[in-house]
Amino acid sequence: MDTTRFILENEIRDNIRLVAEGHLDLYRKMEEVAKTNNEKEIMFMRLKYLESEVRVIKDKFGIA
């Protein structure tokens, strides 16, 4: 019985802690990726807006 308790306390708990820490790291990385994707989407929308504004200016001044 003591051997089983020793295994539970020293090996399994440490393994559970390691898995939990790994999941936390993965979650943080996922959050960083999501933030980067949102920033890229905003930049893409800004680029499209600026392209349309340049097109309006070119049309106004007759520039090809």
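1. Length of helix 1. This helix covers residues 2-61; helices here are DSSP runs of H or I of at least four residues, strands are E runs of at least two, and both are numbered from the N terminus. At 1.5 Å a residue, its 60 residues should span 88 Å, and the end C-alpha atoms are 88 Å apart, which agrees. The expected span is taken as 1.5 Å times one less than the number of residues.

2. Basis of the values. The model is predicted, so local features need pLDDT of at least 70 and side-chain atom pairs count only at pLDDT 80 or more, while totals for chains, interfaces and linings use all residues. Residues are numbered from 1 along each chain as its sequence is written, and side-chain values use heavy atoms, with hydrogens and water left out.

3. Overall form. The protein has one helix and zero strands. Its radius of gyration is 27 Å, well over the 11 Å that the globule rule gives for 64 residues, so the protein is more spread out than a compact globule. The radius is taken over C-alpha atoms, and the rule is 2.2 Å times the number of residues to the power 0.38. Along the principal axes, the C-alpha trace spans about 90 × 10 × 10 Å.

4. Surface. Of the 64 residues, 0% count as buried, where buried means under 20% relative accessible area, exposed over 50%, and partly exposed in between (1.4 Å probe, protein chains only). The accessible surface comes to about 6300 Å², and carbon and sulfur atoms account for 62% of that. Areas come from the Shrake-Rupley method with a 1.4 Å probe; for residues, only the protein chains shown count as cover. I57, in helix 1, is partly exposed at 47% relative accessibility.

5. L8 itself counts as partly exposed, at 42% relative accessibility. L8 also belongs to a nonpolar surface patch with F6, I7, I12 and I16, and together these residues have about 450 Å² of accessible area. Patches are made of residues with over 30% relative accessible area and no salt bridge; like charges are joined within 9 Å, and nonpolar side chains (Val, Leu, Ile, Met, Phe, Trp, Tyr) within 5 Å.

6. Salt-bridge network. A salt bridge is a side-chain nitrogen of Lys or Arg within 4 Å of a carboxyl oxygen of Asp or Glu, and by this rule the count is four. D14, R17 and E21 are linked in a network of them. R17 meets D14 at 3.9 Å, N to O, and meets E21 at 3.2 Å, N to O. R17 and D14 are three residues apart in helix 1, whereas E21 and R17 are four residues apart there; each spacing is about one turn of the helix. An α-helix has 3.6 residues a turn, so residues three or four places apart point the same way. The relative accessible area is 40% for R17 and 39% for E21, and D14 is partly exposed at 35%.

7. A further pair. K48 forms a salt bridge with E51, with the closest N and O atoms 3.6 Å apart. Both residues lie in helix 1, three residues apart, about one turn of the helix. K48 is partly exposed at 44% relative accessibility, and E51 is partly exposed at 33%.

8. End of the helix. G62 follows helix 1, and its phi is positive, near 70°.
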